[in-house]
Amino acid sequence: MISIWDANVELKIDGRVHVIRNAREAVAFLKKYWPDNRSHPNYATAWKVCLDAASGVIPDAEARSAFEAAAKEAGILRQT
């Protein structure tokens with residue numbers, strides 16, 4: 001079962017807004033759409049934590065927090 005996060009994470013890249021609603025979407029985004037610089041420390045953390053959450057190993061809130069931190073570090077977190 002896919003669990004939806006309590007709050008979406010919104011990202012802005014090249015003028016487009018992307019809405020991430022769960023750990024599976026976060027993993028897909030990290031793999032396919034993440035900006036070229038994947039060397040930030042929070043990227044690796046978000047990758048592992050979101051994979052674990054998508055597998056049901058850790059809580060969704062932890063994945064959302066890690067993904068948001070990586071997006072903020074990469075400068076793509078949309079501030080609303």
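Colleague: Is phenylalanine 67 buried or exposed?

Modeller: In this predicted model, phenylalanine 67 is buried, with a relative accessible area of 0%.

Colleague: Which residue forms an aromatic pair with phenylalanine 67 that is tilted, and what does the pair link?

Modeller: The count of aromatic pairs comes to six. In one of them, tryptophan 5 and phenylalanine 67 lie 6.1 Å apart, centre to centre, with 50° between the planes, and the pair is tilted. This pair links distant parts of the chain, since tryptophan 5 belongs to the segment before strand 1 (9-13) whereas phenylalanine 67 lies in helix 3, 62 residues apart. Tryptophan 5 also counts as buried, at 5% relative accessibility, and one aromatic cluster is formed by Trp5, Phe29, Tyr33, Trp34, Tyr43 and Phe67.

Colleague: Is arginine 64 buried or exposed, and with which residues is arginine 64 in contact, leaving aside its neighbours within four places in sequence?

Modeller: Arginine 64, which lies in helix 3, has a relative accessible area of 18% and is therefore buried, the cut-off being under 20%. With those neighbours left aside, arginine 64 is in contact with Trp5, Ala7, Asn8 and Val9.

Colleague: How are two packed helices described, and at what angle do the axes of helix 2 and helix 3 cross?

Modeller: Two packed helices are described by the angle between their axes and the distance between the axes. Here the axes of helix 2 (residues 41-54) and helix 3 (residues 60-74) cross at roughly 155° and come within 8 Å, so the two helices are roughly antiparallel to each other. Their contact involves residues including Tyr43, Val49 and Ala53 of helix 2 and Ala63, Phe67 and Ala70 of helix 3; by class, this contact has eleven nonpolar, two polar and three charged residues.

Methods: Residues are numbered from 1 along each chain as its sequence is written. This is a predicted model: local features need pLDDT of at least 70, side-chain atom pairs count only at pLDDT 80 or more; totals for chains, interfaces and linings use all residues. Side-chain values use heavy atoms; hydrogens and water are left out. Axes are lines fitted to C-alpha atoms, for helices over the stretch in contact, and angles run from 0 to 180 degrees between N-to-C directions. Helices (H or I, at least four residues) and strands (E, at least two) are DSSP runs, numbered from the N terminus. Angles under 35 degrees count as roughly parallel, over 145 as roughly antiparallel, 65 to 115 as roughly perpendicular and the rest as oblique. Contact means heavy atoms within 4.5 Å. Ala, Val, Leu, Ile, Met, Phe, Trp, Tyr, Cys and Pro count as nonpolar, Asp, Glu, Lys and Arg as charged, and the others, Gly among them, as polar. Buried means under 20% relative accessible area, exposed over 50%, partly exposed in between (1.4 Å probe, protein chains only). Rings of Phe, Tyr and Trp (its six-membered ring) pair if their centres lie within 6.5 Å; planes under 30 degrees apart count as stacked, over 60 as edge-to-face and the rest as tilted.
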